[in-house]
Amino acid sequence: MLLGTWASPFVIRVKLALSFKGLSYENVEEEDLYYNKSELLLMSNPVHKKVPVLIHNAGRAKTEEGKTEALKQTFVAVETLEEAFKECSKGKPFFGGDSVGYLDIVLGSLIPMSTDTQCHEMARDGELKLLGLWASPFVTRAKLALQIKGLSYEYVEEDLANKSELLLSSNPVHKAVPVLIHNGKPVCESSVVVQYIDEAFAGTGPSLLPFDPYERAVARFWAAYLEDKLVTPWGRVFRVMSDEERAEAMRQTIAAVDALEGGLKECSGGKGPFFGGESVGYVDVLLGGLVSWVKATELLSGAKIIDATKAPLLGAWMERFCELDAAKAVLQEVGAVVDYARAVQARVAAATTPNNN
Ligand SMILES: N[C@@H](CCC(=O)N[C@@H](CS)C(=O)NCC(=O)O)C(=O)O
């Protein structure tokens with residue numbers, strides 16, 4: 001089911017995707033998106049209260065009990081198939097005997113689902129180079145993902161005042177770090193880099209994005225929320241000049257933490273302290289890359305961004321995250337970030353102060 005309004009370009013995107021995939025769906029038009037949103041919309045997208053919302057398999061097993069039951073039924077079916085194999089193959093290698101039969105084809109079509117990751121890994125393993133800047137929270141995300149996956153790579157520190165030819169040719173659009181270069185091919189934008197590492201090295205180390213497409217969509221929703229609602233205003237804290245503008249940027253950053261607390265609850269499913277549940281996942285890496293900067297911003301401004309009394313799950317998340325070996329290996333020293341942030345603010349002030357000489 002698709003909740004939308006005919007005029008929205010964002011809804012049209014989803015309609016196009018559904019149409020290209022040849023999928024039929026129920027189109028539910030929001031009658032009055034501005035003054036009277038439907039209960040279904042408010043329930044389905046409580047964070048932004050916006051269309052489009054795609055509702056898939058509303059009746060599918062969502063609870064742990066439901067999933068366990070579904071898994072049990074799968075195992076029972078496998079046992080039955082084992083018996084059927086004995087009966088059909090009569091000691092030969094296939095259901096069809098010496099040659100492949102109908103059941104071999106049906107079952108064989110499922111094999112890529114279980115071996116996909118290994119094939120992927122063999123095909124894509126190779127040389128990895130990371131162009132970075134020690135202080136950058138975005139580069140820290142890439143470092144965390146590589147560390148968690150246990151991948152070795154060559155690290156090249158960039159001087160942003162004098163960018164290398166390699167950086168300019170690898171990221172000609174933004175000319176920013178991080179850039180991950182894999183077998184000579186550049187990948188830009190930290191969130192894209194983290195997803196790439198997870199997908200290209202699916203057979204190595206733990207998975208960052210969940211296997212289930214719905215859970216993956218939920219993780220990506222919170223990743224987008226983090227970028228739009230928290231990282232964007234927080235970046236302004238260091239780039240604006242007036243105290244009023246800085247206070248407003250801080251207010252928006254802190255306000256975003258409220259909803260993120262709900263996101264942590266939803267993603268972790270009560271299974272553990274992380275967005276990924278018991279172990280770190282995609283959103284943990286994106287937020288984790290910011291941790292030293294969050295602490296430095298708190299020291300500089302005197303205001304708490306992640307306040308454990310208001311956001312207890314995130315407070316506990318931060319403590320547990322900092323205890324991880326990967327975090328200890330990668331996160332910047334907070335004092336060094338404080339000095340760096342002061343230098344950035346001084347540069348911004350010098351650039352915007354009129355020269356009276
Ligand atoms: N949205 C980008 C942001 C990357 C970014 O802003 N990187 C900064 C360093 S923290 C940079 O390289 N800036 C280029 C410059 O200052 O010219 C990402 O997530 O990768």
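Q: Before we get to the sheet, what makes two strands count as a pair here?
A: Two strands pair if DSSP finds at least two bridges between them, and the helices (H or I, at least four residues) and strands (E, at least two) are themselves DSSP runs, numbered from the N terminus. This is a predicted model, in which local features need pLDDT of at least 70 and side-chain atom pairs count only at pLDDT 80 or more, while totals for chains, interfaces and linings use all residues. Residues are numbered from 1 along each chain as its sequence is written.

Q: OK, which residue in β5 is the bridge partner of G132?
A: That partner is E157, and β4 pairs with β5 (residues 154-157) in the parallel sense, over four bridges.

Q: And what joins β4 to β6?
A: Strand β4 (residues 128-132) runs antiparallel to β6 (residues 179-182), with four bridges between them; L128 has H182 as its bridge partner in β6.

Q: Switching topic, how do α9 and α10 pack?
A: Helix α9 (residues 213-237) and helix α10 (residues 243-268) have axes 7 Å apart and meet at an angle of about 165°, where axes are lines fitted to C-alpha atoms, for helices over the stretch in contact, and angles run from 0 to 180 degrees between N-to-C directions.

Q: So which are they, roughly parallel or roughly antiparallel?
A: α9 and α10 are therefore roughly antiparallel to each other, given that angles under 35 degrees count as roughly parallel, over 145 as roughly antiparallel, 65 to 115 as roughly perpendicular and the rest as oblique.
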